[in-house]
Amino acid sequence: MASLPSGLLGALDPTSDRAVFRQIADQLREAIDKGRFREGDKLPSESELVEHYSVSRMTVRNSLSILQGEGLVLSEHGKGVFVRPRPPVRRLASDRFARRHREQGKSAFTVEAEAAGSRPEVDSLEVREERPAQDISARLGSPRRVLARRRRYLLDQRPVEFAVSYIPLDLARNTPIAEPNPGPGGIYARLEELGHRLDRFDEEIRARMPTPSEVKTLQLASGVPVIHLIRTAYDTEGRAVEVCDTVMAADAYVLAYQLPAT
């Protein structure tokens, strides 16, 4: 078996009190961080790592398991372990809900997908009337009923986001918002056509590990966290006209913000 290229990976430190499998994980992580292994590159095989470090196969597997848990690599059965691609979508908060996009008949997701050079899709669409949870109701001014629009977003057939929009029923019932396809520009364009000109969006963002259901829905690899975002849209009268509860695969997005200096 051919040895690994010189300088690609270092040697173990027998005097260190750090476990051997963690030392190997440290060296592989450093090689990824420094670009010796780039996005999509295949890491050395288990056999190559066993030979390079003179350790057992189980030790190597424990090292790779650490990197998978950190979301740095992914394992493809029968093919090997690969460096996980970096987030393809740059979500620019100051631009994604610009009115010009709605006037062009584009949703925020479509605009972001086009900028990333990816093909957007929406599936798992469900539209129904329901009683809102207490938190959602409080954000919307305590309506008794809402229209809930659930959908999953895909880029190039890969699930990246699942979102539920809640709109007060008095705004949405018997309008295109209640249809599976609300039309060009999405529900925000329809809300403005109904006289609710949008004024601002408040967002709360946190990162966490996914629930089992979210892992299944977004087809997440081991170790990949999610970004949980709750957005409230307000019209120029100060009324909350929509709450959107969104869960995004953290390895699919970069959240970008432009903040004023004063």
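Biologist: Leaving aside neighbours within four places in sequence, which residues is L28 in contact with?

Modeller: L28 is in contact with L9, F37, L49, L64 and L67. Contact means heavy atoms within 4.5 Å. This is a predicted model, where local features need pLDDT of at least 70, side-chain atom pairs count only at pLDDT 80 or more, and totals for chains, interfaces and linings use all residues. Residues are numbered from 1 along each chain as its sequence is written, and side-chain values use heavy atoms, with hydrogens and water left out.

Biologist: What makes a set of residues a nonpolar core?

Modeller: Its members are buried Ala, Val, Leu, Ile, Met, Phe, Trp, Tyr and Cys residues, joined through side-chain atoms within 4.5 Å. Buried means under 20% relative accessible area (1.4 Å probe, protein chains only). The largest such core here has 21 residues; L9, L28, F37, L43 and L49 touch the most other members. Helix α1 (20–33), α2, α3 and strand β2 (80–83) each supply at least two residues. Helices are DSSP runs of H or I, at least four residues; strands are runs of E, at least two; both are numbered from the N terminus. α1 gives the most, five residues. A second, separate core of 19 residues includes Y153, L155, V224 and M248.

Biologist: Why are α2 and α3 called roughly perpendicular?

Modeller: Their axes, lines fitted to C-alpha atoms over the stretch in contact, cross at roughly 110°. Angles run from 0 to 180 degrees between N-to-C directions, and 65 to 115 counts as roughly perpendicular. The pair is therefore roughly perpendicular.

Biologist: Which residues meet there?

Modeller: E46, S47, L49 and V50 in α2 meet R57, V60, R61 and L64 in α3.

Key
Angles under 35 degrees count as roughly parallel, over 145 as roughly antiparallel, 65 to 115 as roughly perpendicular and the rest as oblique. Buried means under 20% relative accessible area, exposed over 50%, partly exposed in between (1.4 Å probe, protein chains only).
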